[in-house]
Amino acid sequence: MTQNGEGTTPARRPEVPGLRLAGEGPLPPVPAAPVTEPLPHDRSQAILEAAKQIGALLKKQGHPFALAGSVAVYAHGGSRDLQHDADFAVLPEDSETVAATLREAGLPVRTPPEDWLLKTACRGQDIDIIFQLAHEPVTEDMLARATCLPVDSVLMPVLSPTDLIRSLISAFSEHYCDFGAVLPVARAVREKVDWDEVRQTCGDQPMPAAFLYLLERLNVIAPPKGQP
């Protein structure tokens with residue numbers, strides 16, 4: 001029989017990781033945290049980066065062009081929520097020289113079944129080189145009406161708001177009539193659009209006329225002069 005713990009082996013304290021007793025020397029150096037890759041850009045930023053690179057390339061080579069599509073809407077003050085691709089309008093007669101410029105820059109170029117555009121890719125994003133908008137060829141006058149605007153940090157010609165809206169609503173048909181996609185665009189650029197010109201050029205077509213009527217009912221635009 002033992003008293004006061006005499007004759008017993010003292011219990012060993014459990015080791016605590018990283019705990020060192022005095023006199024055991026300096027602590028080993030703590031390994032540095034692993035270096036991680038920067039977070040990837042979001043999809044919208046990736047599209048903007050691709051659009052800037054293509055725009056800078058076309059400018060450098062002197063090709064007449066204008067930014068179109070959702071990135072053009074963004075440049076005019078619209079939403080930055082870009083979920084598809086970037087579009088560039090060029091003259092039909094320049095399509096081959098533009099394609100050659102893209103190939104020389106190491107970008108792939110392919111001709112889809114549609115005969116009104118070329119497709120390329122930049123920074124992993126799809127780029128459409130368009131020479132026909134809403135079934136009408138891109139013209140020198142259309143490109144001359146483009147406004148030079150900053151797209152993030154790169155200045156480039158951007159399709160005028162009037163031409164942009166006209167191209168979007170003229171594309172409406174019985175097979176494609178997504179008013180919901182174009183309504184935010186119309187709201188964003190409504191003060192920059194010549195709505196009388198839009199009505200004159202495509203307001204007699206059923207689908208564009210219906211969309212214009214919707215804009216009037218929602219008080220996005222005023223009705224034509226002389227109408228209540």
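1. The model is predicted: local features need pLDDT of at least 70, side-chain atom pairs count only at pLDDT 80 or more, and totals for chains, interfaces and linings use all residues. Residues are numbered from 1 along each chain as its sequence is written, and side-chain values use heavy atoms, with hydrogens and water left out.

2. The protein has 8 helices and 9 strands; these are DSSP runs numbered from the N terminus, helices being H or I of at least four residues and strands E of at least two. Of its 228 residues, 41% count as buried, that is, under 20% relative accessible area, with exposed meaning over 50% and partly exposed in between (1.4 Å probe, protein chains only).

3. Among contacts (heavy atoms within 4.5 Å) between residues at least 6 apart in sequence, 62% join residues at least 24 apart.

4. D163 lies in helix α5, residues 161-170. D163 counts as buried because its relative accessibility is 3%. Neighbours within four places in sequence aside, D163 is in contact with M142 and R145.

5. A99 belongs to helix α3, residues 95-104. With a relative accessible area of 3%, A99 is therefore buried. Beyond its neighbours within four places in sequence, A99 is in contact with V109 and L118. The C-alpha atoms of A99 and T120 are 8.8 Å apart in space, the two residues being 21 apart in sequence.

6. The largest pocket has a volume of about 1,100 Å³. A pocket here is an open set of points on a 1 Å grid over the protein atoms alone, where a 1.4 Å probe fits, with protein on both sides within 12 Å along at least five of seven lines; lining residues have an atom within 4 Å of a point. Grid points are joined across faces, edges and corners, and the volume is the space filled by probe spheres set on the points.

7. The lining of this pocket comprises 29 residues, of which G69, S70, D87, L168 and Y176 lie nearest the centre. At least two lining residues come from each of α2 (69-75), β5 (125-130), β6 (132-133), α5 and α6 (179-189). The most come from α6, with 4 residues.
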